[in-house]
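Please look over the sequence and the structure shown here, and then follow the explanation below through a few of its local features.

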Amino acid sequence: MDADAIIVGGGHNGLTAAAYLAKAGLDVHIFERRPFVGGAAVTQELWPGFHFSTCAHMTHGIHPKIIRDLRLYERGLEMCTRLGGIRMCPDGTYYGPSDHASPRNRMQPLTEEEREAARKYGEFKRTLIDIFVPYRLQPPPTLDDVRAKVAGTLAAEVLERALTTRIRELQDAFLPTDNLKERHAGEGAAVGRNPLAMHFAYGSINRPEEETGEAPPYGYPRNGMGAIPRMIAEAAGEAGVKIHVNQDVEQFLVEDGKVIGIRLSGGTEVRSRVVVSNLDPKRTFLKMLAPEHLDERLRARIQGLITHVSCYKFLAVITELPQYTAWDGDPDWPYMGSTVMGMTRAEIDAAYDDLDAGRPPRTPVASFSVPSFVDPSLTRSGYHTASIWIFPAPAKLSEGTWDGVREQVAERLIDQITGYAPNFRASIRDYKLRTPLDLERENGLTDGCIWHIQHAGEHLFWNRPLPELAAYRAPLKGLYLCGAGQHPGGEVSGIPGHNAAHEILKDL
Ligand SMILES: Cc1cc2nc3c(=O)[nH]c(=O)nc-3n(C[C@H](O)[C@H](O)[C@H](O)COP(=O)(O)OP(=O)(O)OC[C@H]3O[C@@H](n4cnc5c(N)ncnc54)[C@H](O)[C@@H]3O)c2cc1C
């Protein structure tokens with residue numbers, strides 16, 4: 001035996017799982033195909049002196065226990081403030097801070113009826129989220145467990161409604177005016193067309209730890225997202241984990257129905273007591289395992305997991321901050337959070353019509369942040385770094401490829417934003433558009449799906465990714481799952497890695 005545990009993939013969850021396993025005394029090896037670890041949580045110097053979080057750019061869900069266990073604050077984890085942001089509307093109005101008085105601010109004034117409706121809607125979502133907070137640091141509950149827990153309470157009604165109602169219909173039931181419906185138009189829009197309201201329950205990862213009341217850190221990590229996996233890798237290294245980069249794992253080795261190691265693309269085989277996959281479920285089961293090792297019906301269901309809703313990212317060095325014509329408040333406010341465009345109900349519907357037709361969306365949601373505004377370490381003086389997250393996008397185009405439309409898509413996006421901030425086009429010194437295809441090719445994300453499988457309400461908790469795979473164990477002995485496709489899901493939380501390691505330790 002060459003190792004106790006092999007972790008395939010050095011994303012932040014693979015690193016987290018490795019750190020816990022090594023702290024428990026196991027001999028752990030990580031094999032990562034890229035020249036660096038971090039997966040979709042990385043900082044890259046795209047142009048000399050300009051640093052970008054090329055995938056995830058902010059954090060909100062790293063569990064405080066993981067921060068303590070891996071001593072991330074002691075290792076230098078520092079957050080830069082990030083505030084609420086603004087939503088721009090095509091007619092020159094916006095949804096801004098509720099205390100900012102302006103005729104353009106659609107949050108001001110709300111009527112008494114609107115305020116009460118918004119309060120009840122918020123309460124519904126909070127009640128749903130509260131149900132799931134205690135299940136973060138453990139394998140997901142079954143639906144029966146949850147039903148039994150909330151039986152006879154108001155939360156039972158909320159749960160059943162969330163399981164059977166789509167977000168639009170929930171909004172229509174709670175929110176009496178078009179103004180309020182539009183205010184919430186973007187909810188779930190990155191996940192799919194009008195997702196199930198259960199999607200909101202994923203918000204449980206953002207909640208303070210129950211025992212201590214400590215909240216997960218929120219905002220931009222100083223030096224970009226890559227700071228987080230760098231510190232987790234340091235903790236893993238101290239515990240004895242060996243990290244091997246530039247090592248593409250080609251297949252899992254299977255003997256007598258048990259996974260007994262890996263084969264690297266150069267042909268080298270490495271054996272271990274357990275293999276832990278940090279890859280998404282489709283990659284894990286459809287690429288790393290030869291078909292004869294998996295039940296055909298299970299393969300078909302894995303194939304059906306929702307990954308086709310993707311996104312893209314526009315990263316740019318800009319010489320001036322975007323000057324939004326409509327904004328009439330504190331001049332710094334648009335850069336302290338994200339300024340969002342393309343997020344009315346009509347625009348989102350049109351973007352999903354484009355997605356369903358396999359076309360790049362003509363007016364996507366564009367969420368524009370300027371991380372260098374609060375973290376000057378990312379840029380050279382006189383410039384800013386623009387980080388724009390754009391969704392939804394079809395993973396595959398019905399005609400041509402993302403490489404073929406890259407320039408056209410970038411041009412259209414620049415026009416869309418310049419319509420709101422006329423100085424934007426001229427302010428761009430360099431830019432890079434990262435398409436769904438780039439996310440697949442460079443980051444190894446099937447279909448460029450940023451959460452490995454979508455955060456659709458159907459794919460959470462007992463169903464993440466499927467009931468028989470939800471407890472971090474594969475149907476083949478020796479194979480475990482620790483990536484974002486596991487409970488509680490994607491985003492940079494470290495929780496799937498933490499939970500997988502604890503389940504593995506129970507079995508060994
Ligand atoms: C564009 C984008 C924007 C995002 N924005 C945010 C955000 O702002 N905030 C947030 O919290 N989250 C965000 N996310 C989501 C978040 O980054 C991911 O959900 C999370 O990083 C997944 O972590 P992971 O460790 O589970 O997997 P990954 O980060 O996907 O790591 C998997 C690793 O496996 C490696 N690998 C793949 N195949 C092989 C192989 N054959 N052999 C060896 N290694 C292999 C990959 O290179 C990668 O390093 C974003 C993601 C993207 C892509």
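**Backbone exceptions and a helix contact**

Aspartate 447 is buried, with 23 other C-beta atoms within 10 Å of its own, in what is a predicted model. Aspartate 447 belongs to the loop between helix H16 (436-443) and strand E18, and its phi is positive, about 60°, although the residue is not a glycine.

Most residues other than glycine have a negative phi, and most peptide bonds are trans. Asparagine 246, which is not a glycine, also has a positive phi, near 55°, and it is found in the loop between strand E9 (242-244) and strand E10 (249-255). Asparagine 246 counts as exposed because it has 10 C-beta neighbours inside 10 Å, where the cut-off for exposed is 12 or fewer.

Two peptide bonds can be considered next. The bond from glutamine 108 to proline 109 is cis, with omega near -15°, and proline 109 sits in the loop between strand E7 (94-95) and H3. The bond from histidine 487 to proline 488 is cis as well, with omega near 0°, and proline 488 lies in the loop that runs between strand E18 (479-481) and helix H17 (495-507).

Helix H3 (residues 112-132) packs with helix H5 (residues 154-164) at an angle of about 95°, their axes being 9 Å apart, and the two helices are therefore roughly perpendicular to each other. On the H3 side the contact is made by Phe124, Thr127, Leu128 and Ile131, and on the H5 side by Leu154, Ala155, Val158, Leu159 and Ala162. Of the residues in this contact, eight are nonpolar, one is polar and none is charged.

Notes
Residues are numbered from 1 along each chain as its sequence is written. This is a predicted model: local features need pLDDT of at least 70, side-chain atom pairs count only at pLDDT 80 or more; totals for chains, interfaces and linings use all residues. Axes are lines fitted to C-alpha atoms, for helices over the stretch in contact, and angles run from 0 to 180 degrees between N-to-C directions. Helices (H or I, at least four residues) and strands (E, at least two) are DSSP runs, numbered from the N terminus. Angles under 35 degrees count as roughly parallel, over 145 as roughly antiparallel, 65 to 115 as roughly perpendicular and the rest as oblique. Two residues are in contact if their C-beta atoms, placed from the backbone, lie within 7 Å. Ala, Val, Leu, Ile, Met, Phe, Trp, Tyr, Cys and Pro count as nonpolar, Asp, Glu, Lys and Arg as charged, and the others, Gly among them, as polar. A residue is buried if 20 or more other C-beta atoms lie within 10 Å of its own, exposed if 12 or fewer, and partly exposed in between; C-beta atoms are placed from the backbone.
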